[in-house]
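Me: I have a structure here that is new to me. Can we go through it piece by piece?

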2 protein chains.
Amino acid sequence: MALDVNPVLIPQLARTTPSRILFVVMDGLGGCLQPGVPTALERAKHPHLDALATEGALGRYVPIAPGITPGSGPGHFSIFGYDPVALEVGRGVLETLGLGIDVAPGDVTARANFATAGPDGRLTDRRAGRIATEEATPLARALNAAVPKIEDVRIEIHPGLQHRFALVLRGPGLVDAVSDTDPQAEGVAPLAPTAATPAAAKTARVTAAFLEKAYAFLRGQPKANTVLLRGFSGRPAMPTLRERARLTPLAIAAYPAYLGVARLLGMDVAPGVSPKSTVADEVTALERAWAGPHDFFFLHVKGTDSAGEDGDEDRKARVIEEFDRELPRIRALRPDVILVTGDHSTPGPMKAHSFHAVPFLLRGPWVEPDDARTFDERACAGGRFGGWFPALSLFPMAMACAGKLAKYGA
Amino acid sequence: MALDVNPVLIPQLARTTPSRILFVVMDGLGGCLQPGVPTALERAKHPHLDALATEGALGRYVPIAPGITPGSGPGHFSIFGYDPVALEVGRGVLETLGLGIDVAPGDVTARANFATAGPDGRLTDRRAGRIATEEATPLARALNAAVPKIEDVRIEIHPGLQHRFALVLRGPGLVDAVSDTDPQAEGVAPLAPTAATPAAAKTARVTAAFLEKAYAFLRGQPKANTVLLRGFSGRPAMPTLRERARLTPLAIAAYPAYLGVARLLGMDVAPGVSPKSTVADEVTALERAWAGPHDFFFLHVKGTDSAGEDGDEDRKARVIEEFDRELPRIRALRPDVILVTGDHSTPGPMKAHSFHAVPFLLRGPWVEPDDARTFDERACAGGRFGGWFPALSLFPMAMACAGKLAKYGA
């Protein structure tokens, strides 16, 4: 594939039709094929996925480029047809949007969290002992009340889960080219925020002033006595799926970062889903939404990735089985096109995201079925779409199979 | 795969680790699969390569783009993750660097060689009867002493093997957009150097003045009575592998052009290797270097290409077998990741470089083994990496398998 044609061709060819597309993203779904070590997909019993695989076609896609391990943000953008390398979307803006907070053009956000430092200022716990949300939230609110503004810049602190929060700076002349203060290690002090370009000098200065006040305010706290910042970022200029693809999209996802991706893409967010939701709860939300105006659905399952990160392939397999049990309810809705995949691989033996190509299954009219009778990495590597399908082509392929892309050229 | 992501992502993600990567490049390794005509890899017995293939995964990579036949320079750059089309590295600069001569920004170099012309000025032998190095070297030195400078431009002549030498121009206002004087045919006179852009006018003028003096100086020589120039080029602005990938790389190669590539990429050059070295000598140099600080090794085997160019598949097979016998010594060093491949294909029946995809074998942690039990073109075309793997992805894939690439985005 030469250049990424999506920004040019999708807006030109997309047309609104009554057909409906469902993207199921099981986070970190893929594994690494190693002799004698079955992957979670190979361990799990998933008869309904296997039936879907029999009707559809399989492949493994490359999230960014071979050898590149994607974070969740880049992984998701690729699936929806946006090149993350061209976009450079920061994690800060994703987290903030994920908390339901709007990020306007010109705002700068950072991922923030409470941490613990010793008397000498060196970090002893980068996550403040994973302080409870109930404890951290009022502290974040009090900190924001104490530091509402620096110069002409409004400071917003939006509490997240446990020790995490989002820092939002709103005011004139802000630029996101500011370095992380999180040193990514304990035993050292937090770093000073520095401007990577002259234009970001004000943002770095305001951030440094905020941190000075925050350190003073938090002094004496047993756990959350300091703050770390990373991923300074502004809202990227990008078309939504409504604009680019003439879709009315809906997201069903429990965790902030994924909702952040969804909002940037112009998706509505289904109500009634929280980090405590089961897959069944998410499918119930899908059923409720099915009568509505949406024609593109993004259903996100988190548990596969968490289990992979913990190196627990059996638990990962159980999450896949949990999804498989709900698949008949999804199929009863008769979506025209279903894509089942992950946003990246998280092989249990690696306990981390990996660069391995990601299994996927596409079912819909005009999909050419292959001979696969099961859905796992091996079947996908040998499937119709091959072992090295470009991620950016998943979205146009799904659109095409749903009859939503007109002919290019007369 | 969208754009070439290496220039953006490798500098961002590369991290130095103790793991060591070995790239074995058997020059022109690939053949052309034709019914009834076994390739050199198919003719050769290579049990140790086959064992490595069993442990690792195979593929065929596309050096530049399908249908494009690469020279050695572009072929090598691709393997190391640099897009040669974006770089436009000239052969002149490669040869000059390969002779151990530094090329600074602003210098212009050309590949040069002595040739024989008749009394009418028309070429009768483009290679001056492959005059012996012992004869050509003092002649080149004398020519340089006679023409040390043109205008404010210093002229340097660096003798190579046989009739070959490198011409280096150093001075202000030089630009490499000058046409070859080698007409690539006998029976015609050498061409005049012409400037392809107005900025190159001075360089063309200086070159023409040099040639006029050189022709006069060489008049009366029995063989080497004229000079041909091609591949005018300056040092390309490019990051080294140290800068781009945080590696400490070492090259083990015998011939100037490959050492030139290696030096441009910031590689150290292993001592004790010359064009007379055997593969065993090169492996000895690798063994000696193994205790040192390097974490990336490039071992170049020349004989496969020379045999392919001569159309001698049996000799090419014997070079492969010669390498195979030394492979256990390499494996005893326990490199973390091994890539075995060529820089392009040189099918014996074509007696030339070709556009055919190049077989490769990757072995390392987190490489997903395929079912291949032998290393040849057919097994590679059906291997894990498929038959059309992008050359620019070989380097990041090797880095990833060695644990040298961090996650992209959180």
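Reply: One term to start with: a residue is buried if 20 or more other C-beta atoms lie within 10 Å of its own, exposed if 12 or fewer, and partly exposed in between, with C-beta atoms placed from the backbone. This is a predicted model, in which local features need pLDDT of at least 70, side-chain atom pairs count only at pLDDT 80 or more, and totals for chains, interfaces and linings use all residues. Residues are numbered from 1 along each chain as its sequence is written, while chains are lettered from A and ligands numbered from 1 in the order in which they are written.

Me: Is Phe323(A) buried or exposed?
Reply: Phe323(A) counts as buried, because 26 C-beta neighbours lie inside 10 Å.

Me: Which helix is Phe323(A) in?
Reply: Phe323(A) is in α13 of chain A, residues 313-332. Helices (H or I, at least four residues) and strands (E, at least two) are DSSP runs, numbered from the N terminus.

Me: And what does Phe323(A) touch?
Reply: Leaving out residues up to four places away in sequence, Phe323(A) touches Met26(A), Val279(A) and Val301(A). Contact here means that the C-beta atoms, placed from the backbone, lie within 7 Å. Thr278(A) is 45 residues from Phe323(A) along the chain, with 9.3 Å between their C-alpha atoms.

Me: What about confidence in chain A?
Reply: Chain A has a mean pLDDT of 94, and 99% of its residues reach 70 or more. pLDDT is the predictor's confidence in each residue, from 0 to 100. For the complex, the predictor gives an ipTM of 0.84 and a pTM of 0.85.

Me: Which domains is chain A divided into?
Reply: Domain 1 covers 9-88 + 239-401 and domain 2 covers 96-233; the bounds come from an automatic or database domain assignment. Taken over C-alpha atoms, the centres of the two domains of chain A are 33 Å apart. Domain 1 of chain A gives seven residues to their contact and domain 2 of chain A gives five.

Me: Back to the chains. How many residues of chain B are in contact with chain A?
Reply: 21 residues of chain B are in contact with 32 residues of chain A. On the chain B side, α15(B) gives the most, with four residues. That side divides into 15 nonpolar, three polar and three charged residues. Ala, Val, Leu, Ile, Met, Phe, Trp, Tyr, Cys and Pro count as nonpolar, Asp, Glu, Lys and Arg as charged, and the others, Gly among them, as polar.

Me: Why do the copies meet through different surfaces?
Reply: Only 14% of the interface residues of chain B are also interface residues in chain A, so the surfaces differ.

Me: How is chain B laid on chain A?
Reply: By a turn of 122° and a shift of 0.1 Å along the axis, with an RMSD of 0.2 Å. The two copies are thus related as by a three-fold rotation axis. The superposition is by least squares on the C-alpha atoms of residues with pLDDT of at least 70 in both.

Me: Which residues have the most contacts inside the largest nonpolar core?
Reply: Ile252(A), Ala398(A), Ile252(B) and Ala398(B), in a core of 220 residues. α15(B) gives the most to this core, with seven residues. A nonpolar core is a set of buried Ala, Val, Leu, Ile, Met, Phe, Trp, Tyr and Cys residues joined through C-beta atoms within 7 Å.

Me: How many residues of α15(B) are buried?
Reply: Eight of its eight residues are buried. Among them are Leu394(B), Phe395(B) and Cys401(B).

Definitions and conventions:
Contact = placed C-beta atoms within 7 Å.
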